[in-house]
Amino acid sequence: METASQQPQMGLTFEQVWAALMETRAHQEKTEECIEKMSERVDKTSVQIKKTDKQIKMMTRNLGGLGDSLGRLIETLIAAKLWEKFDAYPYNLKRAYQRVPLYDENSNILTDIDILLSNGEYAMGVEVKREFDKKKEIDHHLKRMELIQKYPPAECKGKKLLGAIAGGTVDPDVTAYAHSVGFFVLELTGESVRLAKTPAGFIARQW
């Protein structure tokens, strides 16, 4: 007589196999459904990211345009009767020009002069910014002055060349640095322009 442990093992019935198959298929369909939903969410997220990125780029362009408009407004405010600020000097800078382009010998544009003051003997290149808060911006203008000397526009040819910076605001350290290299400094104060007081011994650099 066989004991319970010696009973022959019976195989799975068709019904059991079928039930297991259906359960596996149901799990597979549920998994596929989850994957599909996740894919849809990823697609929607991707579209939203692209839309947001486009909006950010549009805002950046708009802000850039606003910044350019503010810059031009500041230039216009500073340019108005700017020559009057140098009445204490023998420059007589009665003529003013804005955005004067500078070309090399091959007619390639190199840079432009924000404001150019001129008369029969002197010319002054003025760089304008909303904010002058970095000394390296003074170095850039020094290089610009060298280019003006090398490739002078008609208003500068044969004249003694001076330099200045002007801004809506000018950092005190930048003002001191500008004076040390021989630039005049001008700053907006309300609706007028103020010529910053030069330090003792200041000599305007001439190119």
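Leaving aside its neighbours within four places in sequence, which residues is Ile78 in contact with? Select Ile78 and look around: Ile115, Val128, Ala166, Gly167, Leu188 and Val193 are in contact with it, where contact means heavy atoms within 4.5 Å.

A quick word on what you're looking at. This is a predicted model, where local features need pLDDT of at least 70, side-chain atom pairs count only at pLDDT 80 or more, and totals for chains, interfaces and linings use all residues. Residues are numbered from 1 along each chain as its sequence is written, and side-chain values use heavy atoms, with hydrogens and water left out.

Now colour by pLDDT, the predictor's confidence in each residue, from 0 to 100. The protein's mean is 82, and 75% of its residues reach 70 or more. Confidence is lowest in helix 1 (residues 14-79), with a mean of 67, and highest in helix 3 (residues 172-180), at 97. Helices (H or I, at least four residues) and strands (E, at least two) are DSSP runs, numbered from the N terminus.

Next, select strand 3 (residues 122-132). Eight of its 11 residues are buried, so the rest of the structure largely encloses strand 3; buried means under 20% relative accessible area, exposed over 50%, and partly exposed in between (1.4 Å probe, protein chains only). Look for Leu116 opposite Gly125. Two strands pair if DSSP finds at least two bridges between them. Here, Tyr122 has Lys160 as its bridge partner.

Last stop: the aromatic rings. Rings of Phe, Tyr and Trp (its six-membered ring) pair if their centres lie within 6.5 Å; planes under 30 degrees apart count as stacked, over 60 as edge-to-face and the rest as tilted. The structure holds eight aromatic pairs. Select Tyr89 and Tyr91: this pair is stacked, 5.5 Å centre to centre with 5° between the planes. Tyr89 is partly exposed at 25% relative accessibility, whereas Tyr91 is buried at 7%. Now pick Phe184 and Phe202. Why is this pair edge-to-face? Because the ring centres are 5.3 Å apart and the planes are at 65°. Both Phe184 and Phe202 are buried. Finally, select Phe86, Tyr89, Tyr91, Tyr122, Phe184 and Phe202 together: they form one aromatic cluster.
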